[in-house]
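Take a look at the chain and its fold. We will go from the overall layout to single side chains.

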Amino acid sequence: WQLSIDGLPQEFPALASLDARPNNLPAQLSRLIGRDADVDEMKELVAKRRLVTLLGSGGVGKTRLALQVGADLIDRYPNGVWFAALAPIRDPELVPSVVAQTLGMAQAQDRRVDEALLTWLQRKHLLLILDNCEHLVETVARLADGIVRSCPDVSILATARQALGIDGEMEHRLPSLSIPESDPTMQVGAAMQFGAIALFVERAKAAATR
């Protein structure tokens with residue numbers, strides 16, 4: 001469900017309750033700036049396709065955008081939205097175990113983790129966010145392919161610097177935030193329409209209040 005509060009500025013969307021579904025999404029302490037169109041497009045893609053990979057260079061904001069999309073779509077998934085942070089993982093063999101732990105799945109002692117994970121997910125309707133996959137592409141691609149083929153109600157949103165390269169994958173490249181051309185006559189209001197300027201101002205305000 002969503003909570004709307006009278007008096008909120010119009011630029012703030014309705015607040016989605018993360019208590020409505022199970023999830024492990026980390027709380028975001030600042031609003032997402034300059035990405036409204038990207039959020040809307042990603043939500044449409046995730047709603048239509050089982051596997052969407054959000055591509056972009058390091059630091060462009062893929063993780064933050066994926067978290068926002070997951071929070072906005074949480075009501076669509078009875079078994080929740082789950083965020084698996086893969087950046088710290090160096091051993092590809094650990095990927096299935098990390099995903100299983102993220103989902104709260106008890107690991108069977110007599111089966112391989114990846115096999116048990118696919119069986120467990122066959123009964124689930126959820127969104128799995130696999131974040132920062134680029135250094136584990138082959139392993140993540142193999143796991144994602146298995147999930148897409150055998151778990152009909154599980155959707156995957158991956159973030160990476162390169163595509164996973166498997167059947168059914170929809171790629172979306174995230175551009176850098178927009179910046180204006182050099183114009184000494186530009187007014188503040190016009191400059192704030194550009195995502196990079198708005199983000200800079202927001203961070204400067206936050207730094208000034210510390």
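The paragraphs below start with the fold and end with charged residues.

This is a predicted model, in which local features need pLDDT of at least 70, side-chain atom pairs count only at pLDDT 80 or more, and totals for chains, interfaces and linings use all residues. Residues are numbered from 1 along each chain as its sequence is written, and side-chain values use heavy atoms, with hydrogens and water left out.

The protein has seven helices and seven strands. Helices (H or I, at least four residues) and strands (E, at least two) are DSSP runs, numbered from the N terminus. Along the sequence they follow the pattern β-β-α-β-α-β-α-α-β-α-β-β-α-α. Of contacts (heavy atoms within 4.5 Å) between residues at least 6 apart in sequence, 74% join residues at least 24 apart.

Now the surface. The accessible surface comes to about 12,000 Å², and 51% of that belongs to carbon and sulfur atoms. Areas come from the Shrake-Rupley method with a 1.4 Å probe; for residues, only the protein chains shown count as cover. Of the 210 residues, 40% count as buried. Buried means under 20% relative accessible area, exposed over 50%, and partly exposed in between (1.4 Å probe, protein chains only).

Look next at the loop between β5 (126–131) and α5 (137–150), where asparagine 132 sits. Most residues other than glycine have a negative phi. Asparagine 132 has a positive phi of about 65 degrees. Its relative accessible area is 19%, so asparagine 132 is buried.

Where do the charges pair? The whole structure holds five salt bridges, each a side-chain nitrogen of Lys or Arg within 4 Å of a carboxyl oxygen of Asp or Glu. One of them joins aspartate 38 and arginine 35 at 3.2 Å, N to O. Both aspartate 38 and arginine 35 are buried. Another joins aspartate 114 and arginine 112 at 2.5 Å, N to O. Here aspartate 114 is partly exposed at 23% relative accessibility, and arginine 112 is exposed at 52%.

Helix α5 carries a further pair. Arginine 149 bridges to aspartate 145, with the closest N and O atoms 3.0 Å apart. The two residues are four apart in helix α5, so about one helical turn separates them. Arginine 149 is exposed, with a relative accessible area of 58%; aspartate 145 is partly exposed, at 21%. A network of salt bridges links Asp145, Arg149 and Asp167.

Finally, aspartate 40 lies in helix α1 (residues 36–48). Aspartate 40 is partly exposed, with a relative accessible area of 44%.
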